Amino acid sequence: MLYLSIKYKIFVGLLVSASLIASTYLFGIHLASLETRDIYKEVYNSAPQLKKDLEEAISRVRGLEEKLRAVELMVPKTYDEVTYLNYLKKKRILITGGAGFVGSHLVDKLMKSGHDVVVVDNFFTGRRKNVEHWIGHANFELIHHDIVNPLYIEVDKIYHLASPASPPHYMENPVKTIKTNSLGTLNMLGLAKRVNATILIASTSEVYGDPEVHPQSETYWGHVNPIGPRACYDEGKRIAETLTYAYAKMEDVEVRVARIFNTYGPRMHMNDGRVVSNFILGALQNNGITVYGGGQQTRSFQYVSDLVDGLIALMESNYTLPVNIGNPSEHTINEFATIIKGMIGGNSEIKHIAAMEDDPQKRKPDIKRAKEYLGWEPKVSLNEGLKKTVDYFKQELKLM
Ligand SMILES: NC(=O)c1ccc[n+]([C@@H]2O[C@H](COP(=O)([O-])OP(=O)(O)OC[C@H]3O[C@@H](n4cnc5c(N)ncnc54)[C@H](O)[C@@H]3O)[C@@H](O)[C@H]2O)c1
């Protein structure tokens, strides 16, 4: 009996302690859930305040960013050295299309020579990046303007380069290409007349079309299909030349006409669909080098610094008839493909696809005129120029 009562007491004791533990545990959970609920409630209640604080912080950060930008602008920017010219020698020079490939190199050369340079560009194919290293310089001005509309400024010289230059660009909007070369050129000639400025027109070897004479001299009248896919550009440049000589004859405007042949170099458009850029890009990206047609068609390429020297020599001369500015060293397209493949390496294959419509078969400038009247001829070898261009492409593709 005694034994049973002890057992019973132990049993009851265990039962009581178990229920005590269980209730404490359940009470704990209950307390914890109450606590969590309180935190949620607190967060929920303070959410509008948190949101307000966050918004305030963001606006303060933005304010600080603006102040930082203003401070950055106050820190003097460093520029390439610019020659000092006195007021008699210093000219105010307008470059239309100055944010483009050729134009931006001309900007560099004229800025370094000490002139005041005004760039006018609508950024259709040009980039602010091409001239940003001069922005803020006292001699430099950049105007966002479409030359199809008149422009009223005071300048001494005009280099008129604004026009899309590569087939994909000028074919994208043929009507605009014609307007730029006709109305745009008319506007620039009108400006030259009004302010008595000398104007240089950037014409092209395309005025010779698919030439029947070889090499092409300035006396050749050309072989252009007036309704083909390239006509908007070829005929656009031909009317630009016609307008230029009409202004020279009727209005006594001082004119220069440069017939530019294929040019390459840093800042050229990577996707302009032209031979040099296509081949370099294809080889660098191991996508293969694509040749249109058999590859026996020829081209002669000049390096951009040679062209810039030629344009300045022409402007400074007193020669008013058209002048070819190009490199007469001629290569077949197949040769170019092999040279570029050899320079870049990799395992790109050279592949041939169907020829392009109206693709000229031969191109080589006769540069006797430039040599005789400007004392100009190209200096940069194909190897040297291509190396610089390949380096530029590598930088742009972040391969260096
Ligand atoms: N690069 C060549 O191989 C080559 C050959 C022959 C002739 N050209 C001529 O040289 C000039 C410059 O050629 P590029 O290779 O530097 O071409 P690009 O396309 O790099 O430069 C042309 C510039 O003109 C600007 N532009 C175009 N339409 C305009 C408009 N309506 N108003 C204002 N700006 C406008 C573009 O934004 C661009 O900055 C062009 O007139 C071209 O026809 C070039």
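Analyst: Of the 400 residues in the chain, 36% are buried, a residue being buried if 20 or more other C-beta atoms, placed from the backbone, lie within 10 Å of its own, exposed if 12 or fewer, and partly exposed in between. The model is predicted: local features need pLDDT of at least 70 and side-chain atom pairs count only at pLDDT 80 or more, while totals for chains, interfaces and linings use all residues. Residues are numbered from 1 along each chain as its sequence is written.

The chain holds ten helices and 13 strands; these are DSSP runs numbered from the N terminus, with helices (H or I) of at least four residues and strands (E) of at least two. Among contacts with a separation of 6 or more, 81% join residues 24 or more positions apart, a contact being a pair of C-beta atoms, placed from the backbone, within 7 Å.

Two packed helices are described by the angle between their axes and the distance between the axes. Helix α6 spans residues 275–284 and packs with helix α8, residues 333–344, at an angle of about 40°, the axes being 10 Å apart. Such axes are lines fitted to C-alpha atoms over the stretch in contact, and the angles run from 0 to 180 degrees between N-to-C directions. The two helices α6 and α8 are therefore oblique to each other, since angles under 35 degrees count as roughly parallel, over 145 as roughly antiparallel, 65 to 115 as roughly perpendicular and the rest as oblique.

By class, the contact of α6 with α8 has ten nonpolar residues, no polar ones and one charged residue. In this scheme Ala, Val, Leu, Ile, Met, Phe, Trp, Tyr, Cys and Pro are nonpolar, Asp, Glu, Lys and Arg are charged, and the others, Gly among them, are polar.

A further partner of α6 is helix α10, residues 382–396, which packs with α6 at an angle of about 55° and with the axes 11 Å apart. Helices α6 and α10 are therefore oblique to each other, and their crossing is right-handed. Here Val-276, Ile-280, Leu-281 and Leu-284 of α6 meet Thr-389, Val-390, Phe-393 and Lys-394 of α10. The classes in this contact are six nonpolar residues, one polar and one charged.

The loop between β7 (263–264) and α6 contains Arg-267. This residue has a positive phi of about 75° although it is not a glycine. Arg-267 counts as buried because it has 22 C-beta neighbours inside 10 Å. Asp-252 also has a positive phi, near 60°, and is likewise not a glycine; it lies in the loop between α5 (231–251) and β6 (255–260). Asp-252 has 10 C-beta neighbours inside 10 Å and so counts as exposed. Most residues other than glycine have a negative phi, and most peptide bonds are trans. The peptide bond from His-214 to Pro-215 is cis, with omega near -10°, and Pro-215 sits in the loop between β5 (198–204) and α5.

Helix α5 also contains Ala-246, which is partly exposed because it has 14 C-beta neighbours inside 10 Å. Ala-246 and Leu-189 are 57 residues apart in sequence, yet their C-alpha atoms are 9.9 Å apart.

Finally, there is the ligand. Its surroundings comprise 28 residues, and the closest are Gly-97, Gly-100, Val-102, Thr-125 and Gly-126; a residue is near the ligand if its C-beta atom, placed from the backbone, lies within 6 Å of it. Elements α2 (101–112), α4 (174–195) and β5 each supply at least two residues of this shell, and α2 gives the largest share, three residues. By class, the shell has 13 nonpolar, 13 polar and two charged residues.

How values were computed: Two residues are in contact if their C-beta atoms, placed from the backbone, lie within 7 Å. A crossing is left-handed if the near helix is turned anticlockwise from the far one by less than a right angle, and right-handed if clockwise.
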